[in-house]
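Subject: Structure handover

Hello,

Here is the structure you asked to take over. My notes on it follow below.

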Amino acid sequence: MKERDETNKPVNMLVSFFSTVGRWTIRTVGNFGAMAVFFFLGFINIFRSRQIREITSQTYYIGAKSSLIVMLVALFTGMVLGLQLFYTLVKFGSVGALGSAISLSLVRELGPVLTAIMITARAGSAMAAEIGILRNSEQIDALYTMGVDPIRYLISPKIAASIISFPLLTAFFDLIGIIGGYITGVVLLGTNGGTYFYRVQSSIDMVDIRGGFIKALVFGAIVSCICCFQGYFCHMRSDGFGAKSVGLATVSAVVISCVMILVSDYVVTSFLM
Amino acid sequence: MDAPPLIEFRNVTKRFNGKTVLDNVNLSIYENQVTTIIGKSGTGKSVLLKHIIGLLKPDEGTILFRGTPINKMKKAEWEGHRSKIAYLFQNNALLDSMTVLENVAFPLRQTTDLPKAEIEKRAMKRIEDLELAEAVGKFPSELSGGMQKRVALARALVTDPEIVLFDEPTTGQDPIRKNMILSMIIHYRKKYGFTAIMISHDIPDVFFISDRVIILWEGGVGFEGAYEDALKQNVPMIDEFLRSLDGFEDQLTGLLSREAFKMHYSAMLGSTAREATSSAALFGVRLNILSEALGTQAALEALKALGEYTNRYFNAVGGFSARHSRDEILTIFPRKTIEEARKLVEDYSRNLEHGVIDHIRDIASGNSGEATCFDIHIHAGVTEISPEDTIDEIIEKGRAKQEIISTYRCDFGGEEQ
C-alpha cells in the first residue's frame with residue numbers, strides 16, 4: 001500500500017497543483033463576473049428616482065472631504081518632481097523644460113494614479129468597512145425587507161459620486177502639483193518663472209488632459225466597484241466572519257483597488273497612446 | 001382549517017455548505033392568526049422566516065403565497081406581496097446612522113411619493129403609539145434594548161403591513177419587558193389587524209397569545225397546530241423539548257411553570273388517599289382593563305405582584321399555584337375541604353388589600369394625571385376536586401364559580417370603565 005502511494009506521489013502532486021490552480025481560476029473568474037454584474041446593476045440604478053440627495057451627500061464625503069489630503073499630496077509630489085527633475089535636467093542644460101516635464105508627468109500619469117490611490121486609502125476603505133458593517137448587522141437585509149433595493153440605495157450613489165469626484169480631484173491634483181513644481185523649481189532653485197509657465201502651457205495638449213480624465217473616470221468606476229463589492233459580500237468570505245470579515249474586506253478592497261489602478265492604468269494608457 | 005393558507009411551504013429544503021437546515025418542510029400559515037415557531041437552536045427558525053420574505057430561496061420545494069408559488073410569480077407581483085410584509089429582526093437592524101424619526105420614516109420616504117409633512121405625521125403617529133416621543137431625535141445607540149425593539153416595531157408597522165414577521169422579539173429582555181413586547185404585539189395586531197408570525201421561546205406567555213404553534217424538529221416540522229394540542233401529542237422528544245423550554249418557574253410571576261404544576265398535581269394525587277378531598281381556587285384579574293388604565297408595564301407589574309403574593313401566601317399553607325392563561329392563576333390546596341379552602345381564600349382576599357391592591361393604588365396614583373378612572377376586580381372561584389379531575393376540568397369548574405373577592409375602586413373621580 002505504502003509502495004503504491006510512493007509510486008503515485010508525482011501524480012498526486014500534479015493533481016493537487018492543477019486542482020488548486022483550477023479552483024483559484026474558477027473562483028477568480030466567478031468573482032470578476034459577479035463584480036461586473038454588480039457594477040452594471042449599481043450603474044443603471046444611478047438613474048432611478050430619489051438618488052440626487054444620496055449622490056450629493058456621497059460626493060461631498062468622497063470628493064469634497066478628500067480634497068485636502070489630495071491637495072497636500074499633490075503639493076509635495078509636485079515639489080519632489082521639481083527637485084528631482086531640476087537636478088536631472090541641469091546635467092543636460094535643459095532646465096527650461098522643467099515646466100513641461102512636471103506638467104506632462106502630472107497630467108498624464110501621476111495626477112490620475114496618485115489621486116485614485118489617495119481616495120482609495122481614504123474613502124474606498126471607508127466604503128468597504130461601512131457596507132461590511134451594514135451587512136453584518138443585517139441592515140442590508142432590513143433595507144430589502146422594507147422594499148428598498150440595497151444596491152440602489154447604498155451602491156449606486158457611491159459609484160456615481162466616485163465617477164464625479166475622481167476627475168475633479170485629479171484636476172485639483174494636477175493644478176496643485178504644477179504649483180508645487182513651481183515652488184521648488186522657480187522659488188527655491190531659481191528657474192525662470194515665465195519660462196516655467198510658458199512650457200507648461202505649450203507642452204500640454206487637450207489630448208493629455210482628456211487622457212488623464214478618462215483614466216480618472218475608469219479608476220473611479222473600478223475603485224468604487226471593488227470597495228463596495230468587497231464590503232457587500234464580506235459575509236460570504238471563507239477566511240473570516242463578523243468583525244474579522246469586515247477588516248479583511250477593507251484590506252482586500254484597498255489592496256485590490258491599488259493593484260487594479262496600476263493594471264488599468266497600463267491598459268488605458270496603451271489604448272490612448 | 002377551512003380557509004386556504006396565506007403562506008404554505010411544500011417540501012422545502014434548504015442547505016448551507018452541504019448541511020441541511022430545512023429538510024422537506026411542509027407547513028401552513030393562516031391569515032389573521034398569531035403563529036409561533038419554536039425549535040432548538042440551529043433548527044432553521046430564522047431561515048424559515050427569511051424564506052417567507054424572500055431573503056433566502058429554497059434549494060428544493062415551493063413556497064406558496066395565497067396559493068401561488070412565489071418562484072412562478074412575476075417580479076412586480078412578488079414585489080406587490082412583499083411590500084405588505086414587514087420583518088422585525090432579532091437584533092432590530094435599525095439604521096444606526098439615522099435618528100429614531102428618520103428610521104421610522106425611512107420606509108415611507110423610500111417607497112412612497114407622500115409629501116414630507118405627511119410622512120413625518122405618519123411616522124410621529126407610530127412613534128407616539130409606541131411611547132417613543134421623547135426619543136425621537138436620538139440615535140439607536142443612545143436607546144435601551146427595549147426602546148430599540150419598540151423603534152423597530154414602529155418602523156415595521158409604519159407602512160401598515162398585512163403580515164409581520166417577528167424574529168425572537170423578546171430575546172435578551174427581562175420578564176416584564178418580554179411580556180410588554182408580547183402585549184404590544186397583540187395590542188397592535190388587534191389595532192391594525194395584521195397576521196403575526198413569530199419566533200419566540202418566551203414560555204408560557206407566547207403560548208397564551210398564539211393561535212397556532214409550529215415546532216421545528218430535526219430540520220422538519222415536529223408539530224403544527226394549537227398549543228393545547230401540542231401538549232396532548234405523545235411524541236416523547238417534542239414533549240421533552242417543551243418541558244425544557246418551560247423550566248420550573250414562570251419568569252414573570254415566580255409561580256410554578258405549567259409542567260412543574262402538572263408534576264406537583266400528579267404527585268399529590270399519588271400521595272393522597274382516594275377518599276381524601278382536595279380543593280382548588282382559580283384567581284383572575286382583567287389584564288386588558290389594567291393595561292388600558294395603567295399602561296402595559298404597570299399592568300404587568302400588578303400581575304407580577306398578584307402572582308408573587310399568591311405564591312407566597314398559599315405556599316405557606318401547603319398550596320401550589322401556576323398561571324393557566326395570561327391573567328388566571330390556579331391554586332391547588334391538597335387535603336383541604338372546600339370549606340377550609342374558602343376560609344383560606346377569604347383570609348387571602350382580606351390581606352390582598354395590603355399585598356396587591358395597595359401596589360395597584362401606588363401605580364394608579366403615579367398615573368393620576370390620566371383623565372380616566374377604573375375599577376379592578378380580583379375574581380376567585382373555589383371548587384372541590386376529585387382524583388379523576390384533569391387540570392382543565394378543575395379550571396372549568398373554578399371559572400364557573402368565580403366571584404369578586406377584592407376590588408380596587410377609583411378614588412379620584414372621572415368616569416368608570
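Apart from its neighbours within four places in sequence, A:T184 touches A:G78, A:M79, A:G82, A:L83 and A:L189. Please keep in mind that this is a predicted model. A:T184 sits in helix α6 of chain A, which covers residues 150-188. Is A:T184 buried or exposed? Its relative accessibility is 3%, so A:T184 counts as buried. A polar atom of the A:T184 side chain lies 3.3 Å from the backbone oxygen of A:G181.

Next, the contact between the chains.

On the chain B side 23 residues are in contact, and on the chain A side 14. The area buried between chain B and chain A is about 1700 Å², with carbon and sulfur atoms giving 52% of that area. Nine residue pairs are in polar contact between chain B and chain A, both residues being at pLDDT 80 or more. Which elements of chain B give two or more residues to the side that touches chain A? They are α1 (45-53), α2 (75-82), β6 (85-88) and α3 (100-111). Of these, α3(B) gives the largest share, five residues. By type, the side of chain B that touches chain A divides into 12 nonpolar, five polar and six charged residues.

There are two salt bridges between chain B and chain A. A:E138 forms a salt bridge with B:K50, with the closest N and O atoms 3.0 Å apart. Another salt bridge joins the side chains of A:R50 and B:D113, at 3.0 Å from N to O. This pair crosses between chains: A:R50 is in the loop between α1 (2-44) and α2 (52-62) of chain A, and B:D113 is in the loop between α3 and α4 (116-129) of chain B. A:R50 counts as partly exposed because its relative accessibility is 31%, whereas B:D113, at 76%, counts as exposed.

B:K50 also belongs to α1(B), where the buried residues are B:K45, B:V47, B:L48, B:L49, B:K50, B:H51, B:I52 and B:I53. After α1(B) comes B:G54, which has a positive phi, near 90°.

Now the salt bridges within chain B.

Over all chains the count comes to 26 salt bridges. In chain B, the side chains of B:K14 and B:D59 meet in one of them, at 3.6 Å from N to O. B:K14 lies in strand β1 (residues 7-16) and B:D59 in the loop between α1 and β4, so the pair ties together parts of chain B that are 45 residues apart in sequence. At 9% relative accessibility B:K14 counts as buried, while B:D59, with a relative accessible area of 40%, is partly exposed.

The side chains of B:E120 and B:R109 form another salt bridge, 3.8 Å from N to O. Here helix α4 of chain B holds B:E120 and helix α3 of chain B holds B:R109, and the two residues are 11 residues apart. Both partners count as partly exposed, B:E120 at 32% relative accessibility and B:R109 at 24%. There is also a network in which salt bridges that share partners join B:K125, B:R126, B:D129 and B:D160.

Last, the strands of chain B.

An open sheet is formed by four strands of chain B in the order β2-β1-β4-β5, with antiparallel pairing. β2 (19-29) and β5 (68-69) stand at the edges with a single partner strand each, so one side of each has no neighbour in the sheet. Strand β4 (residues 60-65) of chain B pairs with β5(B) in the antiparallel sense over two bridges, and there B:L64 has B:P69 as its bridge partner.

How many residues of strand β11 (residues 278-285) of chain B are buried? Eight of its eight residues are, and the strand is mostly covered. From β11(B), B:S278, B:A280, B:L282 and B:G284 point one way, and B:S279, B:A281, B:F283 and B:V285 point the other way. In a regular strand, side chains alternate between the two faces of the sheet. β11(B) pairs with strand β14 (residues 376-385) of chain B in the antiparallel sense over eight bridges, with B:E384 as the bridge partner of B:S279. β11(B) also runs antiparallel to strand β13 (residues 328-333) of chain B, joined by six bridges; in β13(B), B:I329 is the bridge partner of B:F283.

Regards

Key
Residues are numbered from 1 along each chain as its sequence is written. Chains are lettered from A and ligands numbered from 1 in the order in which they are written. This is a predicted model: local features need pLDDT of at least 70, side-chain atom pairs count only at pLDDT 80 or more; totals for chains, interfaces and linings use all residues. Side-chain values use heavy atoms; hydrogens and water are left out. Buried means under 20% relative accessible area, exposed over 50%, partly exposed in between (1.4 Å probe, protein chains only). Two strands pair if DSSP finds at least two bridges between them. Contact means heavy atoms within 4.5 Å. Buried area is the accessible area (1.4 Å probe) that two parts lose on being put together, summed over both. A salt bridge is a side-chain nitrogen of Lys or Arg within 4 Å of a carboxyl oxygen of Asp or Glu. A polar contact is a pair of N or O atoms within 3.5 Å; within protein, one must be able to donate a hydrogen and the other to accept it, and residues adjacent in sequence count only if both atoms are side-chain atoms. Ala, Val, Leu, Ile, Met, Phe, Trp, Tyr, Cys and Pro count as nonpolar, Asp, Glu, Lys and Arg as charged, and the others, Gly among them, as polar.
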